[in-house]
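These are my notebook entries on the spaces inside one protein and on the molecules placed with it.

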Amino acid sequence: MLYVMARIIPSFKLEDALEKAYKRRRLSREEVAFLLGLKGEGEVAQLFHVARSLRQRYFGDKIFLYGFIYFSTHCRNYCTFCSYRAPNKLCKRYRKTDSEVIEVARELAESGVHLIDLTLGEDPFYYVRDNGFESLVELAGRVKVETGLPVMISPGVVPKQVLSDLADVGVDWYACYQETHNQQLFRRLRPEQNYDSRLKEKYLAKESGLLVEEGILAGVGESQADIVTSMQAMQDLGAHQVRVMSFIPQEGIPMSDWPSPPRIHEMLIIAVLRLLFPDRLIPASLDIDGVEGLQERLKAGANVITSLIPPDMGLTGVAQASLDVNDGYRTVRGVLPLLEELGLSAATREDYIGWVRNEKDNLGKRDICAELTE
Ligand code: SAM
Ligand code: MD0
Ligand code: SF4
C-alpha cells in the first residue's frame, strides 16, 4: 500500500510523514503542523486513509459506543464557551435524582452501549457541603454495579481524595478536557480557573488507577502551533482517550457571536490524533453535528461514538443540548445503520471490557512509541 501511495502523492513531505506514522516512527512538530494544514482534497484523503488503516490495525472494524448521562447541569464556573456557565439563564438547568440516573443507566446498558459516561457541571451542590462528594461517589459505584459496564466520570476538578474514592468504587475513567495548552488562551476560555490544577488533576487520576481522557476545543482562537502543543501534552500525560470538539456557539454566553469553525479542522485533528495515538480511543462525538456528522468523523479515524442519549428522559447534550435526542437518533439503534454503511460494526461488550482491563493493568507501565520530537 505504501508503495502505491508513494507513487500517487506528489509531495515528498506528505509521503514521508505518512509512511513514518504508518511505521510508528516519531513525527516532528513540523511534520504534525504540516499534516494539520493539508488543504488539497487528494492529500487530505490520503491522510484519512492512513488514519483508517492504523485504526484497522489496532481495532479491526470494531467501534465502541458510549452512553452519556449529563445528570447535573448546575455549574459554579464561568467558561466563556459553555452554555452551562453559572450566570447563563438561557440554558436548561436540572439535577437528576439518583434513581433517575440509575434508571437511565440501565436503559442505556440494555440498549447495547459499552460505557456509561456520568457528566456534570462543577455543581455547587457537591462543593458547598462537608463530604459533599460522598453521594457522587456512591452514585457512580451504584451505576457500575447496576449496569456491569465500565464507567467514566466527567465532574470537572474535584479534590484528590474524591478521585481515589471513585477508583475504589470501580469507576474506570476520568475525563477532563484542558481545551488548550496555551495558558493565555486557557485564561480566556476558563476564567478564574487554575490551568495547573486542571492539568495536574489528570495525572492524579492516573495515579489513583483511573484511565484518562484529554481534549482540545477547536475554533476558539487557537493557532496551529497550539494544537501541536496540545497533542504533545496529551502524549506527555499518556492519555488513553483523546478528543477534539468544534466550538458550537450558545445563547447567552460571551462567545455567542463567535463562529463555529469549518469542520475540516476537526477532521484533520482527528486523523492526526490517530497517527500519533494509533492504539488509543478517539471519539466521534454526536454532540457537535448530531448523527449527520458521524460518518465523516469515522472516516477520519475515530473509533468511539460518544454522547448517545436516550430520548424523552429530559437529558441534554453539552455543545448540542437537544440535536437528534428526542427523535431517538442519538441511540445505538440510530447509529448502527450508519456504521454498517461504512463497513464498520459495534464491538462487543467483552471487547470493550477487555480493552479497559488491559489498559488498567498497564497503568504506569506504558511507553508511548510514536512521540513527537521537540
Ligand atoms: N464540567 C465538566 C468540565 O468542564 O470538565 C464536565 C463537562 S465537560 C464534558 C464539557 C466539555 O464539553 C468541555 O470541556 C468542552 O470541551 C465541551 N464543550 C462545552 N461547551 C462547548 C461548546 N459550546 N462547543 C463545543 N464544545 C463544548
Ligand atoms: C460527548 N457530550 O462525548 C459528551 C461530553 C464528557 N465526557 C463528554 C462532551 O460529546
Ligand atoms: Fe461548567 Fe464544565 Fe461548562 Fe465550564 S465546561 S461552565 S466547568 S459545565
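Entry 1: I began with the residue classes in the lining of the largest cavity and recorded 21 nonpolar, 13 polar and seven charged residues. I noted at the outset that this is a predicted model. The count of cavities of 30 Å³ or more came to one. For the volume of the largest cavity I wrote down about 720 Å³. I then listed its lining, which has 41 residues; Thr119, Tyr177, Glu179, Arg190 and Val318 lie nearest the centre. The elements that contribute two or more residues to this lining are the strands S1 (62-72), S2 (115-120), S3 (151-154), S5 (211-218), S6 (241-246) and S8 (304-308). The largest share comes from S6, with four residues.

Entry 2: ligand 1. In the shell around ligand 1, S2 and S6 are the elements that give two or more residues. I found 19 residues around ligand 1, and the closest are Phe81, Glu179, Arg190, Arg198 and Ile248. By class, this shell has 10 nonpolar, six polar and three charged residues.

I then looked up polar contacts of ligand 1. A polar backbone atom of Phe81 is 2.8 Å from a nitrogen atom of the ligand. An N or O atom in the side chain of Arg190 is 3.0 Å from an oxygen atom of ligand 1. For Arg198, a polar side-chain atom lies 2.8 Å from an oxygen atom of ligand 1. How much of the accessible area of ligand 1 does the protein cover? On its own, ligand 1 has 560 Å² of accessible area, and the protein covers 94% of it.

Entry 3: ligand 2. Where does ligand 2 sit? I found that ligand 2 sits in the largest cavity. I counted 13 residues around ligand 2, with Asp117, Ser154, Tyr177, Ser285 and Thr306 as the closest. S2, S6 and S8 each supply at least two residues of the shell around ligand 2. The classes in this shell are five nonpolar, five polar and three charged.

I recorded three polar contacts for ligand 2 as well. The side chain of Asp117 has an N or O atom 2.6 Å from a nitrogen atom of ligand 2. A polar side-chain atom of Tyr177 is 2.9 Å from a nitrogen atom of ligand 2. The side chain of Ser285 places an N or O atom 2.5 Å from an oxygen atom of ligand 2. Taken alone, ligand 2 exposes 300 Å², of which the protein buries 96%.

Entry 4: The largest pocket has a volume of about 240 Å³. I noted 15 lining residues, of which Tyr84, Lys92, Thr316, Ala321 and Ser322 are the closest to its centre. This lining divides into seven nonpolar, six polar and two charged residues.

The second largest pocket holds about 170 Å³ of space. Its lining includes Leu36, Glu222, Pro261 and His265. Helices H11 (224-237) and H12 (263-276) are the elements that give two or more residues to this lining. H12 provides the largest share, three residues. By class I recorded six nonpolar, four polar and one charged residue for the second largest pocket.

Technical notes. Residues are numbered from 1 along each chain as its sequence is written. Chains are lettered from A and ligands numbered from 1 in the order in which they are written. This is a predicted model: local features need pLDDT of at least 70, side-chain atom pairs count only at pLDDT 80 or more; totals for chains, interfaces and linings use all residues. Side-chain values use heavy atoms; hydrogens and water are left out. On a 1 Å grid over the protein atoms alone, a cavity is a set of points where a 1.4 Å probe fits but cannot get out, and a pocket is an open set with protein on both sides within 12 Å along at least five of seven lines; lining residues have an atom within 4 Å of a point. Grid points are joined across faces, edges and corners, and a volume is the space filled by probe spheres set on the points. Ala, Val, Leu, Ile, Met, Phe, Trp, Tyr, Cys and Pro count as nonpolar, Asp, Glu, Lys and Arg as charged, and the others, Gly among them, as polar. A residue is near a molecule or strand if one of its heavy atoms lies within 4 Å of it. A polar contact is a pair of N or O atoms within 3.5 Å; within protein, one must be able to donate a hydrogen and the other to accept it, and residues adjacent in sequence count only if both atoms are side-chain atoms. Accessible areas come from the Shrake-Rupley method with a 1.4 Å probe; for residues, only the protein chains shown count as cover. A molecule sits in a cavity or pocket if more than half of its atoms lie within 2 Å of its grid points.
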